[in-house]
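This report looks at pockets and at one helix pair in a protein model. Please keep the structure in view while reading.

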Amino acid sequence: MMNKCKHASQEFQDIKKKLSEIQNDLKRFMEQSNRQQLELILASSRKDFSNAIVSHMIEDVEDGLDTHMVRRCDMRETCRAKFSEFLKNSAGLLQQDKVGDETIAKNKSELDALRATAPYKKCDICFSEVAALQEKQINLMKALQIYKSTEAKAPNISSIPEESIVDGILDPVSNKTRLQILKALYYEPKTFSALSELTGLRAGNLLFHLQKLLNSGMVIQRHEGGDYMITDKGYKVLTMITYYVNTLQ
């Protein structure tokens with residue numbers, strides 16, 4: 001009788017052990033299943049989020065090109081189609097988990113290749129807008145931590161050409177009127193009359209400031225007596241000024 005009780009007790013202990021093992025297996029299975037389900041949900045959410053961002057950026061591309069490209073140009077529609085395709089492909093990088101320096105460099109070199117085929121001086125206006133839209137996409141990649149630049153180049157201060165920097169950049173924008181003109185041209189070309197009304201200057205006084213900007217390469221004129229437009233250089237200078245103003249606040 002005693003042996004039977006011991007045997008029954010041992011069987012009971014074995015059953016409890018097996019049940020405990022089964023319970024642990026079920027617990028691990030549930031935890032794994034929940035983790036996989038969570039990963040699937042997060043992956044789906046990231047995909048939906050990135051699709052929404054890309055959709056927004058494509059709308060931004062179309063609006064930007066429509067608003068800021070030169071209107072009176074026989075190449076406008078041809079260039080717009082090329083720019084739109086280029087920027088939409090660039091926006092597609094936002095759907096990737098990670099973007100490297102090589103991809104960004106290749107993207108920028110493609111724009112440089114397009115710029116090299118530009119036939120007119122006024123092409124600077126359109127390329128400035130494309131470059132701005134491209135930079136906006138890159139900044140968004142950085143904000144989403146999709147793109148982290150590995151470049152760590154220390155600035156070579158000694159290589160700064162003092163004379164050309166002063167004459168070509170600092171002096172032209174060191175005057176309030178010239179900076180005002182440059183800001184006004186950022187959004188759209190303007191006539192001499194419109195700039196005269198904006199600055200309150202007439203004839204020779206206004207021409208003096210415009211000539212400074214023309215000589216610096218920040219502004220161009222469509223033709224003699226035509227509208228004044230900001231160039232890619234002018235756009236970049238204004239962008240740098242805006243960046244440093246914001247960082248110093």
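This is a predicted model: local features need pLDDT of at least 70, side-chain atom pairs count only at pLDDT 80 or more; totals for chains, interfaces and linings use all residues.

## The largest pocket

The largest pocket holds about 830 Å³ of space. Its lining is made of 27 residues, and E135, Y235, K236, T239 and M240 are the closest to the pocket's centre.

At least two residues come from each of α1 (2-68), α3 (101-116), α4 (123-143), α5 (162-173) and α9 (232-248). Sorted by class, the lining has 15 nonpolar, four polar and eight charged residues.

## The second largest pocket

In the second largest pocket there is about 320 Å³ of space. Among the residues that line this pocket are L179, K183, Y186 and Y187, along with L238, T239 and I241. Two or more lining residues come from each of α6 (176-187) and α9. The largest share, seven residues, belongs to α9.

The lining of the second largest pocket divides into seven nonpolar residues, three polar and one charged.

## Helices α6 and α7

Helix α6 also packs against helix α7 (residues 192-199), at an angle of about 130° and with the axes 11 Å apart. The two helices are therefore oblique to each other. The crossing of α6 past α7 is right-handed.

On the α6 side, the contact is made by T177, Q180, I181, A184 and L185, while α7 provides L195, L198 and T199. Five of the contact residues are nonpolar and three are polar, with no charged residues.

Methods:
Residues are numbered from 1 along each chain as its sequence is written. Side-chain values use heavy atoms; hydrogens and water are left out. On a 1 Å grid over the protein atoms alone, a cavity is a set of points where a 1.4 Å probe fits but cannot get out, and a pocket is an open set with protein on both sides within 12 Å along at least five of seven lines; lining residues have an atom within 4 Å of a point. Grid points are joined across faces, edges and corners, and a volume is the space filled by probe spheres set on the points. Helices (H or I, at least four residues) and strands (E, at least two) are DSSP runs, numbered from the N terminus. Ala, Val, Leu, Ile, Met, Phe, Trp, Tyr, Cys and Pro count as nonpolar, Asp, Glu, Lys and Arg as charged, and the others, Gly among them, as polar. Axes are lines fitted to C-alpha atoms, for helices over the stretch in contact, and angles run from 0 to 180 degrees between N-to-C directions. Angles under 35 degrees count as roughly parallel, over 145 as roughly antiparallel, 65 to 115 as roughly perpendicular and the rest as oblique. A crossing is left-handed if the near helix is turned anticlockwise from the far one by less than a right angle, and right-handed if clockwise. Contact means heavy atoms within 4.5 Å.
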